[in-house]
Amino acid sequence: MTSYLPPAQRIWWKMPVGREEIVWIAIALVWCLILFFMMPFWHVYGKQNLSTEAYQTTPAQFGLKVQAMIDQYTVRHETEQQIPVVAPPAGSDIYMLGRLWQWWPILELEKGQTYRLHLSSMDWQHGFSLQPVNINMQILPGYEMVLNITPDVAGEYGVVCNEYCGIGHHTMLGRIYVKE
Ligand code: CUA
């Protein structure tokens, strides 16, 4: 039967449904319900959840906290923009800000130590993407996101901006070092 012809029997919706069709509808329904309930379940129990903490802030307030850390714990400067490399003590609150178009400052952490990483934006939306471990956070002005992090592999990590933020988006790169 083709769909561009009128149905042979006008009251087709009163015809009995085939057994296979019932089975497929049941399978589809069960699968829909599984997917539906997985959303709240995984939101609560999934290990992918990064931040359970977010605070209101302002770019000015957040900037002061970042600067206070930089003033206290800068160990050297790197890159042609002379970005400070900051080595805050293990277990402390550490800060990184996103702005057009950089991540500021560079952090130098110790392997196996836990830090509270605070992230916010100075202007508009940026995406904090930590590579190669692929941790992603949306960074917005006015919101301070806090992640408890314990780096377990030493090395150099890149921070890429993964929300399009204008003409210099592709140059918005940052760095985190993890020392043995
Ligand atoms: Cu910041 Cu794209």
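**Rings, a charge and cysteines**

Visitor: Does Tyr-95 count as buried or exposed?
Guide: In this predicted model, the relative accessibility of Tyr-95 is 11%. Buried means under 20%, so Tyr-95 counts as buried.

Visitor: Happy to start there! How many aromatic pairs does the structure have?
Guide: Rings of Phe, Tyr and Trp pair if their centres lie within 6.5 Å. By this rule, the number of aromatic pairs is five.

Visitor: Are the rings of Phe-41 and Tyr-45 stacked, edge-to-face or tilted, and why?
Guide: Their centres are 5.1 Å apart, and the planes meet at 40°. Under 30 degrees would be stacked and over 60 edge-to-face.

Visitor: What separates Phe-41 and Tyr-45 along helix H1?
Guide: Helix H1 covers residues 19-45, and both residues belong to that helix. They are four residues apart, so the separation is about one helical turn.

Visitor: Which residue of that pair counts as exposed, and which as partly exposed?
Guide: Exposed means over 50% relative accessible area. Tyr-45, at 58%, passes that mark and counts as exposed. At 39%, the residue that counts as partly exposed is Phe-41.

Visitor: Now to another pair: what is the angle between the planes of Phe-62 and Tyr-95?
Guide: These two rings form an aromatic pair with 5.9 Å from centre to centre. The pair is edge-to-face, with an angle of 70°.

Visitor: How many residues apart are Phe-62 and Tyr-95?
Guide: Phe-62 belongs to helix H2 (residues 59-73), while Tyr-95 is in strand E4 (residues 93-99). The pair therefore links distant parts of the chain, and Phe-62 itself is buried, with a relative accessible area of 0%. The separation between Phe-62 and Tyr-95 is 33 residues.

Visitor: Which residue has its charged end over the ring of Trp-104?
Guide: The charged end sits 4.8 Å from the centre of the Trp-104 ring. A charge over a ring has to be within 6 Å of the ring centre. The residue here is Arg-99.

Visitor: And how many disulfides does a search of the whole structure find?
Guide: A disulfide is a covalent bond between the sulfur atoms of two cysteines. Across the whole structure, the number of disulfides found is zero.

Visitor: Last one: how far apart are the C-alpha centres of domain 1 and domain 2?
Guide: The domain assignment gives domain 1 as 16-45 and domain 2 as 52-179. The distance between their C-alpha centres is 42 Å.

Notes: Residues numbered from 1 in each chain as written. Predicted model: local features only at pLDDT ≥ 70, side-chain atom pairs only at ≥ 80, totals over all residues. Heavy atoms only, no water. Domains from an automatic or database assignment. Phe/Tyr/Trp six-rings, centres within 6.5 Å; stacked < 30°, edge-to-face > 60°. Helix = DSSP H or I, 4+ residues; strand = E, 2+ residues; numbered from the N terminus. Buried < 20%, exposed > 50% of the residue type's maximum accessible area, 1.4 Å probe, protein only. Lys NZ or Arg CZ within 6 Å of the ring centre and 35° of its normal. Disulfide = S-S within 2.5 Å.
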